[in-house]
Amino acid sequence: MLFDTHVHLNDDQFNDDLEEVIERARLNGVGRVVVVGFDEKTIKRAIELIDAYDFMYAAIGWHPVDAIDLTDDYLEWIEELTAHPKVVAIGEIGLDYHWDKSPKDVQQVVFRRQIQLAKRLDLPIIIHNREATEDVVTILEEEGAKEVGGIMHCFSGSPETAKRCLDMNFYISLGGPVTFKNAVKPKEVAKEVPLDRLLIETDCPYLAPHPFRGKRNEPSYVKLVAEQIAALKEISFDEVAKATTENANRLFRIQ
């Protein structure tokens, strides 16, 4: 079984053919997925999906790009929704310095507040980081995120940064970019991070792996990520599938 730890099946791109996408995932051995909601619309849809499908779980949080839109009411709403037995994490949260919709200082405050929420609820966190690595890792350290741990989602940093995150009780999750021919860092990370601290994901509909790069991504393609990691680590595909699934179940406390 494969566990895709980060999907956006709540995205409008899947409105017309969700059942076909699910069927292809099952045919490729995908047994569980975590649907990530990161604003009002996608959180609502994530909850709808986990109510409708046994193999779907949810992570809910507020995306850093939209940090400026987070109100106290939204934060309370997120907290209330974590009572759902299939909400397994807070996320994706973090920092995104690529887009300038939300000022950096606002993003940092919202990031800290959500880490504090996760600690209060004893839930792991899923980290979004774009062009903000040092600030992300520093805030995680300062806020004591080690208490709950979580996932460095679609990790693109160096092996050295990965080590700092591992020391804080985080798992390193790799997606489509590890299959790209020119993606040096993800390949290095795949080789160096211990298998019991790795996770796999698609981040669908984004970042489709080779040979589907540039097309819509979907959970069935997580198999290609696992195959690439197996090749880089010089171990069997089954070993990667088993370990990454066990890792995800342990982190999300799924029996």
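The model is predicted, so local features need pLDDT of at least 70 and side-chain atom pairs count only at pLDDT 80 or more, while totals for chains, interfaces and linings use all residues. Residues are numbered from 1 along each chain as its sequence is written, and side-chain values use heavy atoms, with hydrogens and water left out.

Select residues 170–174, strand E7. Helices (H or I, at least four residues) and strands (E, at least two) are DSSP runs, numbered from the N terminus. In E7, 5 of 5 residues are buried (under 20% relative accessible area; exposed is over 50%, partly exposed in between; 1.4 Å probe, protein chains only). Phe170, Ile172 and Leu174 are on one side, Tyr171 and Ser173 on the other.

Gly150 stands opposite Phe170. Next show strand E8, residues 198–200, also parallel to E7 over 3 bridges; here Ser173 faces Leu199.

Now go to Arg164. Its side chain meets Glu134 in a salt bridge, 3.2 Å from N to O (a side-chain nitrogen of Lys or Arg within 4 Å of a carboxyl oxygen of Asp or Glu). Glu134 is in helix H5 (residues 133–142) and Arg164 in helix H6, 30 residues apart. Arg164 also forms a salt bridge with Glu141, again at 3.2 Å; Glu141 lies in H5, 23 residues from Arg164.

Finally, select Asp17, Arg24, Arg216 and Glu218, a network of salt bridges.

Key. Pairing = 2+ DSSP bridges.
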